[in-house]
Amino acid sequence: MAENNRAVVKLKERFADALLEYKEHRGEVTVTVKKESILEVLKYLRDDLRYNFLSDVTAVDYLGQEPRFMVVYHLLSIPNKDRVRVKAPVTEADCSIDSATALWNSANWLEREAYDLFGINFKNHPNLVRILMTDDWVGHPLRKDYPLQGPDREPYKGRLS
Amino acid sequence: MASEIMTLNMGPQHPSTHGVLRLVVELDGEVIQKITPHIGYLHRGIEKLAEHRTYHQTLPLTDRMDYLAPMHNNLGYVLAVEKLLGLDVPERAKLVRVIMAELTRLKSHLVWIACHALDIGAMTVFLYAFRERELVMDLYEMVSGARMTSNYFRVGGLSRDLPAGFEQKVQEILDTFPGHFDTYEGLLTKNTIWLQRTIGNGVISAEDAIDFGISGPALRGSGVDFDLRRDLPYSGYEEFDFKVPVGENCDTFDRYKVRLVEMRESVKIIDQALKRLKPGPILADAPQVCYPPKESVYNSIEGLIHHFKIASEGFPVPEGEVYMAVENPKGELGYYIVSDGGNMPYRMRVRPPSFVNLGAIEKMAKGSMLADLVAVIGTLDIVLGEIDR
């Protein structure tokens, strides 16, 4: 159960105000926190709970829902051999969140990719420029309202079959 | 005498960059001051495409990421979807997957040693390693009909059973490969040129390696004893007996030793799996997800309809999200799949090991000579198809 997970237990004590939701699905624990507290939560998980390896930073676009984006961090504890997923909601109007580069260097390129493909601004990132698309590209391809076939094309309406 | 920083462009078409990688290097004489990698030349939008394809149709896309280890990409993906579905796979399918995954590790590491050695001046190893790799490719062709884009695994098991004569061919590899590894080591491990090019090159401490998110053999070369196959096992790896090699000096030579031991361990794993392989079903008993057997498709109308439904509509996956990581030859290959309950992934994120490892290149090569940068690219063992996706 998620209540018994070591990360959830501690986060409930320390960050009661910032913790929005926690759940367990298929043996994986997900905690959702307010984006204002994301750096404090990640720092606490890294230093005190030894989730020392930032596997991944990415985003999910829930177009039509509010808040629209969810920034997702996958943390791994090499000493404890377990994982936790931390999510932080980001609205379309204020599409920004603090950069985790202050905690992990691995966040540098991963956040650049999330910026490139989703248009999420990572505040205080040392070099927030596009990484996969060309520098002069317009739009953010992994957003749900970006047409599959590319810019200036009809939005994809599903397979014909 | 006045001196100034020279900016040198390396790639995107350069034999030592292992694909279309472009590095803008700032040099003071021959000493590297700054490296700016430019990637994305192979970006095909696989994550975007996956949102518009059924779960089975997404599978062939994953072959085309790390094209030196296609079956590992398939493995991570099918395990992620099976985790979302809560589907268990028959024992035989698990064992065959392990055999193919470890053969893939051999295949990938053979390309690594071949290209890495060629890059820093040892051509003989290249010719030998590619000769051996061809044997693994033959096995790929036997099981899937393709040498590289295998698409052999299926959600729920395998696309078909092993062909006749497969086990004998694998046994030949098990018997001969350790001798070949000795040959490579004989050519390199005490070779003065090799030692001078690799010892003390591309040093990254364990703390820095974790900080930069380096995974796989490069992380173990820095002395971090962590292997997903042993520490967070999947596909039945917990039942195998193998060693996880760890380096001490955090340099290119230690990463070389780690990978060589890994190849020997892969041979042991395949041997154990082969001994345990028994006849049995290769697909889970889940008709709503798995393709029906070919005999039923060819000989009955119900089977044909079943096949058609699975191929055209796919199958719905319950709402939820999972992150499934496997120990790819390059490092931690993770699939983060979000399902909204439909027949296509709502979001598929691939955590590419080479992408994250490449992010540390400046840390590893800064202050060394330009020629050593080539050795650092080789030791990181990057594949641009997976970096750019």
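Q: Which residue of E5(A) stands opposite Thr32(A)?
A: Lys87(A) in E5(A) stands opposite Thr32(A). In E2(A), Thr32(A) is also the bridge partner of Glu21(A). The model is predicted: local features need pLDDT of at least 70, side-chain atom pairs count only at pLDDT 80 or more, and totals for chains, interfaces and linings use all residues. Residues are numbered from 1 along each chain as its sequence is written, while chains are lettered from A and ligands numbered from 1 in the order of writing.

Q: What makes strands E2(A) and E5(A) a pair?
A: Strands (E, at least two residues) and helices (H or I, at least four) are DSSP runs, numbered from the N terminus. Two strands pair if DSSP finds at least two bridges between them.

Q: What makes the pairing of the five-stranded sheet in chain A mixed, and which strands are its edges?
A: The open sheet has the order E1-E2-E5-E4-E3. Strand E1 (19–25) and strand E3 (53–61) are the edges, each pairing on one side only. In the hairpin of E1(A) and E2(A), two residues lie between the strands, and Arg26(A) takes a positive phi near 50°.

Q: Why are the buried residues of H1(A) said to line one face of the helix?
A: Ala7(A), Val8(A) and Leu11(A) are buried in H1(A). A residue is buried with 20 or more other C-beta atoms within 10 Å of its own, exposed with 12 or fewer, and partly exposed in between, the C-beta atoms being placed from the backbone. Seen down the helix axis, these residues fall within an arc of 95°, so they line one face; the arc is that of the directions from the axis to the C-beta atoms. They pack against E1, E2, H2 and E5 of chain A, a contact being C-beta atoms, placed from the backbone, within 7 Å.

Q: Why is Trp112(B) called buried?
A: Trp112(B) has 26 C-beta neighbours inside 10 Å and therefore counts as buried. This residue lies in helix H4 of chain B. Leaving out residues up to four places away in sequence, Trp112(B) touches Arg259(B) and Asp381(B). Trp112(B) and Leu380(B) are 268 residues apart in sequence, but 9.2 Å apart in space, C-alpha to C-alpha.

Q: Why are H4(B) and H16(B) called roughly antiparallel?
A: The axes of H4 (residues 91–119) and H16 (residues 370–380) of chain B come within 9 Å and cross at roughly 175°. Axes are lines fitted to C-alpha atoms, for helices over the stretch in contact, and angles between N-to-C directions run from 0 to 180 degrees. Under 35 degrees counts as roughly parallel, over 145 as roughly antiparallel, 65 to 115 as roughly perpendicular, and the rest as oblique. The two helices are therefore roughly antiparallel. Cys115(B), His116(B) and Asp119(B) of H4(B) meet Val374(B), Ala375(B), Gly378(B) and Thr379(B) of H16(B).

Q: What is the helix content of the stretch that UniProt lists as "transmembrane region" in chain B?
A: The unreviewed UniProt entry places this feature at residues 110–130 of chain B. Over these residues the chain is 86% helix and 0% strand.

Conventions:
Two residues are in contact if their C-beta atoms, placed from the backbone, lie within 7 Å. UniProt positions are given in the numbering used here, feature names are shortened, and annotations may be inferred rather than shown by experiment.
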